[in-house]
Each structure stands twice: as structure tokens, then as C-alpha cells.
Amino acid sequence: MLMTKERRPATRTLRGWAMSVLQETGAIHECEEHGWAKDRADPHARERAFDIARHDPPPDISPQSAVNAVAEVLDGIGDTCPECD
């Protein structure tokens with residue numbers, strides 16, 4: 001039986017790919033009211049995102065570049081929405 005691997009949707013930038021992976025693993029989520037990305041501070045979700053970056057980076061991107069992109073996105077996201085009181 002032929003098995004295919006489900007592919008993630010195509011993204012145009014490495015940052016967009018990294019955000020997609022972080023959302024897919026549950027490491028980040030959107031503020032329901034304003035749409036800002038918020039860090040969930042879940043170490044297991046973060047590790048799953050880094051594993052995906054290491055083992056399944058986007059085409060023509062090195063695993064190290066993918067890991068760096070995930071880390072940069074996480075560094076730029078806080079755990080609170082800047083517009084919420």
C-alpha cells in the first residue's frame with residue numbers, strides 16, 4: 001500500500017514557514033480579539049517545532065537555517081497581546 005506524507009501548505013517566506021510550524025505544534029496561538037501571535041510557553045510544543053525544522057525543513061533550506069528561523073520567530077513573540085489590556 002502506497003503511503004504519502006501529508007505536506008504543509010506552501011509559504012512564501014522562511015519566517016512564514018516557521019510561524020506555520022509553530023502554530024501547527026501548538027507553540028504559539030493567535031489572540032482571538034486582535035490576531036497577534038502569542039507564545040504558549042509549552043516546552044514540548046517548542047521541541048516538536050525544532051524537531052520538524054531539523055528533520056523536515058522547507059525545500060532548498062538547510063536544517064540549521066530552518067532551526068534558526070523558528071528560534072527567531074519565538075524570540076520575537078511574547079506571551080501577551082500588545083493590544084489587550
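Author: Happy to! Helices here are DSSP runs (H or I, at least four residues), numbered from the N terminus, whereas strands are E runs of at least two. This is a predicted model, in which local features need pLDDT of at least 70 and side-chain atom pairs count only at pLDDT 80 or more, while totals for chains, interfaces and linings use all residues. Residues are numbered from 1 along each chain as its sequence is written, and side-chain values use heavy atoms, without hydrogens and water.

Let us start with the helix pair. Helix α1 spans residues 14-25 and helix α3 spans residues 63-75; their axes lie 9 Å apart and the two pack at about 75 degrees (axes are lines fitted to C-alpha atoms, for helices over the stretch in contact, with angles from 0 to 180 degrees between N-to-C directions). Therefore α1 is roughly perpendicular to α3 (65 to 115 degrees; under 35 is roughly parallel, over 145 roughly antiparallel, the rest oblique).

Which residues of α1 and α3 make the contact? From α1 come L14, R15, W17, A18, M19 and L22, and from α3 come S65, A66, A69, V70, V73 and L74 (contact means heavy atoms within 4.5 Å). By kind, the residues of this contact are 10 nonpolar, one polar and one charged.

Now for the salt bridges. The structure has three of them (a side-chain nitrogen of Lys or Arg within 4 Å of a carboxyl oxygen of Asp or Glu). One of these joins D39 to R46, with 2.3 Å between the closest N and O atoms. D39 is buried, at 11% relative accessibility, and R46 is partly exposed at 28% (buried is under 20% relative accessible area, exposed over 50%, partly exposed in between, with a 1.4 Å probe and protein chains only).

R54 takes part in a network of salt bridges with E47 and D51. Its closest N and O atoms with E47 are 2.7 Å apart, and the side chains of D51 and R54 meet at 2.7 Å, N to O. Because D51 and R54 are three residues apart in helix α2 (residues 43-55), about one helical turn separates them.

How values were computed
Ala, Val, Leu, Ile, Met, Phe, Trp, Tyr, Cys and Pro count as nonpolar, Asp, Glu, Lys and Arg as charged, and the others, Gly among them, as polar.
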